[in-house]
Amino acid sequence: MNVKVVIFDWDGTLIDSVDHIADSLHQAATDLGYPELEREAYRDIIGLGMIEALERLYPGLSREEMVRIREGYAGYFFQKVTTPQNVFEGIAPMIADLRGIGRGCSVATGKSRRGLEGALTSSGLGVHFDITRCADETRSKPDPLMLEEILSFYGYAPEEAVMVGDTRYDLDMARRIGMPAIGVEWGVHKRDVLEQYDPHAVVSSVAELRRVLGL
């Protein structure tokens, strides 16, 4: 692909964290007496901002109830620090190679700013990204506002960038502003779901992602 910037989702795309997020959310909710849902339900909302995720999991929650679950979730989630070992194999050198050929790299994530800032440093990936946007400082996916803000930073049009993500929220977000997208199968949603959002490609390995990106 001949694009100027590659915009990555974080959890499930760059970082092997999906199970930890689902477990932390499940534990936080059930600790407070909320119904235990199927494991897939907790996985399916990964990529959304926390408020939007909780609204889908437990409709009708008050803001106070959401705060309690979020605090419980943070308590579990931050017990584990993201390390370079949590980065999917091949991701770090691929991003370094993208920078080496002059492409911009950035992150658009459903994580909170607090969650992303620590992970950027502890994962070793943070040095590669020009700009990062989080759900708690803009609008949650699939609203495309975070992509629009990233494009504004660079001064690029949507067709000059590509969104790389593992969820339908990533691909839907890109589609809404006419940005090409690449779905990756090693995270939350599989090919049959990702292909419903008209991606440029769906890939099953980092090696295949490199080829699609022209590395």
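This is a predicted model: local features need pLDDT of at least 70, side-chain atom pairs count only at pLDDT 80 or more; totals for chains, interfaces and linings use all residues.
Aspartate 166 is in contact with Asp9, Asp11, Gly12, Thr13, Val18, Val184, Gly187, Val188, His189 and Leu194, once its neighbours within four places in sequence are left aside. Aspartate 166 sits in the loop that runs between strand S4 (161-165) and helix H8 (168-175). Its relative accessibility is 0%, so aspartate 166 counts as buried, the limit for that class being under 20%. A polar atom of the aspartate 166 side chain lies 2.8 Å from the backbone nitrogen of valine 188, and Val188 is also among the contacts listed above. For a sense of distance across the chain, take glutamine 85, which is 81 residues from aspartate 166 in sequence. The C-alpha atoms of glutamine 85 and aspartate 166 are 19 Å apart.

Aromatic rings come next. The count of aromatic pairs in the model is 7. One of them joins tyrosine 73 and phenylalanine 77, with 5.5 Å from centre to centre and 20° between the planes, and this pair is stacked. What places these two residues about one helical turn apart? Tyrosine 73 and phenylalanine 77 both belong to helix H4 (residues 63-77) and are 4 residues apart in it, which means a separation of about one helical turn. Are the two residues buried or exposed? Tyrosine 73 is buried, at 13% relative accessibility, and phenylalanine 77 is buried as well, at 6%.

A further stacked pair is made by tyrosine 154 and tyrosine 156. Their ring centres are 5.2 Å apart and their planes meet at 5°, which is under 30 degrees, so the pair counts as stacked. Tyrosine 154 is buried, with a relative accessible area of 18%, whereas tyrosine 156 has 26% and is therefore classed as partly exposed.

Tyr73 and Phe77 also belong to an aromatic cluster that includes Phe78. Arginine 114 lies over the face of phenylalanine 78, at 4.1 Å from the centre of the ring.

The next topic is empty space. Rolling a probe the size of a water molecule over the atoms shows where such space is left. The largest pocket holds about 610 Å³. It is lined by 31 residues, and the closest to its centre are Met50, Tyr73, Gly110, Lys111 and Ser112. Tyr73 is thus both a lining residue of the pocket and a member of the stacked pair with phenylalanine 77. Helix H1 (18-31), helix H3 (50-57), H4 and helix H6 (113-123) are the elements that give two or more residues to the lining. Which of these gives the most? H4 does, with 6 residues.

A search of the whole structure also finds 1 cavity of 30 Å³ or more. The largest cavity has a volume of about 80 Å³. Its lining consists of Ile15, Asp16, Ser17, His20, Phe77, Lys80, Val81, Thr82 and Asn86.

Histidine 128 has 17% relative accessibility and so counts as buried. Beyond its neighbours within four places in sequence, histidine 128 is in contact with Ala92, Ile95, Ala96, Arg99 and Cys105.

Terms used. Residues are numbered from 1 along each chain as its sequence is written. Side-chain values use heavy atoms; hydrogens and water are left out. Buried means under 20% relative accessible area, exposed over 50%, partly exposed in between (1.4 Å probe, protein chains only). Contact means heavy atoms within 4.5 Å. A polar contact is a pair of N or O atoms within 3.5 Å; within protein, one must be able to donate a hydrogen and the other to accept it, and residues adjacent in sequence count only if both atoms are side-chain atoms. Rings of Phe, Tyr and Trp (its six-membered ring) pair if their centres lie within 6.5 Å; planes under 30 degrees apart count as stacked, over 60 as edge-to-face and the rest as tilted. A charge sits over a ring if NZ of Lys or CZ of Arg is within 6 Å of the ring centre and within 35 degrees of the ring normal. On a 1 Å grid over the protein atoms alone, a cavity is a set of points where a 1.4 Å probe fits but cannot get out, and a pocket is an open set with protein on both sides within 12 Å along at least five of seven lines; lining residues have an atom within 4 Å of a point. Grid points are joined across faces, edges and corners, and a volume is the space filled by probe spheres set on the points.
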